[in-house]
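Subject: Structure handover

Hello,

Here is the structure we talked about. Please open it next to this email and follow along.

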Amino acid sequence: MTDKTILEVTDATKTFGGILALNRVSFSVNEGEILGIIGPNGSGKTTLVNCITGFIRMNSGKILFRGKDITRKPPHKIADLGVTRTFQIMRPYFSLPAYKNLVIPLFSPRAKRTGGWRGGGKLGDRNTVGIDILEEIGFERDSFVPFKIASTLPTGYLKRLELARCLALRPEIILCDEVFSGLSMSEIASMVPLIERLQMEGITLIMIEHRLRELFRVANRIMVLNFGEKLTEGSPDQVMADERVKVAYFGSEDVEEVMTYA
Amino acid sequence: MEQKAASLRKERIDRGIKVRTDGIYALMSLRELAYLSVPRLLLIVGMLLLPFIMPGMYWQRVISIVCIYGLLALSFDFLAHYVGLVSLGGAFYIGVGGYIAAILNKWVGFSPLFSIPAAGILGGIFCTVLLLPCLPLRGVYFAIVSLMYPLVIARIIEALNILGGTDGIMGIGSFPNQWSEQYTMILLVLVFLFAMRRLVNLDIGLVFRAVKDNDQAVRASGMSITHYKAMAVFAASLIGCLGGACLVHIYMWSGISLFALDFSILPIAATVIGGGGTLVGPVLGCLILVPISELLREFGTLRIVFYSLILMAFIVFRSEGIMVYGQRKYHQFERWAKV
């Protein structure tokens, strides 16, 4: 983790009709850190990810990646720079086997450029590389799981497949949109070390989560969104202690009780 | 249908031989090799023998027409089932390819040997450029625009009286003889059929299929979907334009009837009958539908009724299509299993 800023968002604003989904949100991410973004439902977390990765155009604001303006770039150009994302609703290629799902990102210009191979060479063809990546992310190599059609895989594997798709691009940043949601406790328990390993490999992560306990374990910093506005930002402990966060998240009723439950 | 107890359901299981012939093990024995090669050889040899089987000049001409529709159906099936673009542009490809071949042959002086490939490539580029604006969009737009262009171009030629106007361009060079005509067509169909089957299983073919499955994930993988859709449309329109170019040289005439809607609709019907997504199915569909349509010519306008009935019967009773049904029976067996 360094102090070098890798991604800088300034005054991100987005409206859907009359609804202000994002209101002048500004933050920056340092290289190699894990930034958690939390907030109640409808607070604009996914919209923020969509804006950064270019799937939605912002009304105003500016996004800099390594000092380069990516505000108005189309999604594939942004992904080509190494800013990748997972989808909250998993989007594998359902008709293809799991490892074939990775042939597609491996075919992209970025993978060809960064992978140091062109569909052959010493790393093997794309199928082999795909299986390697899947093994890295927790698909058992010698089992039949990597070869199963994606539509038959359980949620836990699909979430991993989403991450694997990002890894195939050799990303600089991964924006994880709720990778823990819908997973069982044991699945999450096996996912956390994976996230930690990605950080050790030097990948910057922005994680949107509702599973606060697991998030607070891995995240270096937390940003809280509420009704499209940035509420606060700080270390997990600071954020936990912030009274405004508790009110926003759990309502203004008896906070202590809910907090212990979470 | 046989009534069975509620606790039983039909189960489909791959035949052992299908599994054995999946990889290198197909080389194990002649039986395995035959399992793989006989269906393909049947098609290739059958197609190559067609000109000998057909009685008379008239039916031999029908072979060429079948092949042109076959090319169109192939391009429709590729776009619809592997890229997710429903194209109603058969007439567009035929017309563009036909007129370009006519111009090249009549006014530039290319012989059919050169004008047909040139018309394919130039026509492919022309169609792709014109269709480019609707490629970033999802949904029905591509179908509408590809249906609109042939109508528009036909009206432009008519109104401005260019390219021969309503009379068309006459006196275009023909194939040297009937045999070369038929075998050019048959080989075109076979070559493109196997080439497309190969293409969709290559890595780039997987990208095409991914664009159909899930275009957002393709964009998130750092690839422009417009770029890949344009490549697919080029491939499909190239095939269609080659068909159009051949048609012009067969009829020795190019006119606005090349933009007739038949060329858009019949390939779709053939795909329904033959089985979408198999690539070979639509070609078989054309082999069935086009001769039927010729046989029914005696009934005059009534033939549309018979034609519709056949289509309807297929949609109701065998909506999966001949090839999908056939492949299933060939590769799998069924048995009743306890739930």
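How many residues lie between E1(A) and E2(A) in their hairpin? There are two residues between them, and A:Gly17 in the turn has a positive phi of about 60°.

Before going further, here are the ground rules. This is a predicted model: local features need pLDDT of at least 70, side-chain atom pairs count only at pLDDT 80 or more, and totals for chains, interfaces and linings use all residues. Residues are numbered from 1 along each chain as its sequence is written, while chains are lettered from A and ligands numbered from 1 in the order in which they are written.

**Confidence**

The predictor gives the complex an ipTM of 0.84 and a pTM of 0.88. Chain B has an average pLDDT of 88, and 98% of its residues score at least 70. (pLDDT is the predictor's confidence in each residue, from 0 to 100.)

**Chain A overall**

Chain A has 12 helices and 10 strands. (Helices are DSSP runs of H or I with at least four residues, strands are runs of E with at least two, and both are numbered from the N terminus.) The radius of gyration of chain A is 19 Å, close to the 18 Å from the globule rule for 262 residues, so chain A is as compact as a globular protein of that length. (The radius is taken over C-alpha atoms, and the rule is 2.2 Å times the number of residues to the power 0.38.) Along the principal axes, the C-alpha atoms of chain A fill a box of roughly 55 × 40 × 40 Å.

**The four-stranded sheet**

One open sheet of chain A runs E2-E1-E4-E5, with antiparallel pairing. (Two strands pair if DSSP finds at least two bridges between them.) Strands E2 (19-30) and E5 (68-69) of chain A are at the edges with a single partner strand each, so one side of each has no neighbour in the sheet.

Now look at E1 (residues 5-16) of chain A. Eight bridges join E1(A) to E2(A). A:Lys14 stands opposite A:Leu22 in E2(A). E1(A) also pairs with E4 (residues 60-65) of chain A, over five bridges in the antiparallel sense. Follow A:Leu7: its bridge partner in E2(A) is A:Val29, and in E4(A) it is A:Phe65.

**The six-stranded sheet**

The order here is E6-E7-E8-E3-E9-E10 in chain A, an open sheet with mixed pairing. Its edge strands are E6 (83-85) and E10 (229-234) of chain A. The twist averages 20° from one strand to the next. Inside it, E3 (residues 34-38) and E9 (residues 221-226) of chain A run parallel and are joined by four bridges. A:Gly36 stands opposite A:Ile222 in E9(A).

**Where the chains meet**

16 residues of chain B are in contact with 24 residues of chain A. (Contact means that C-beta atoms, placed from the backbone, lie within 7 Å.) H8(B) gives the most to chain B's side, with six residues. By class, that side has eight nonpolar, five polar and three charged residues. (Ala, Val, Leu, Ile, Met, Phe, Trp, Tyr, Cys and Pro count as nonpolar, Asp, Glu, Lys and Arg as charged, and the others, Gly among them, as polar.)

**H8 inside chain B**

H8(B) also meets H10(B): B:Val207, B:Phe208 and B:Val211 in H8(B) touch B:Ile225, B:Tyr228, B:Lys229 and B:Ala232 in H10(B). These residues divide into six nonpolar, no polar and one charged.

Best wishes

Notes
Two residues are in contact if their C-beta atoms, placed from the backbone, lie within 7 Å. Axes are lines fitted to C-alpha atoms, for helices over the stretch in contact, and angles run from 0 to 180 degrees between N-to-C directions.
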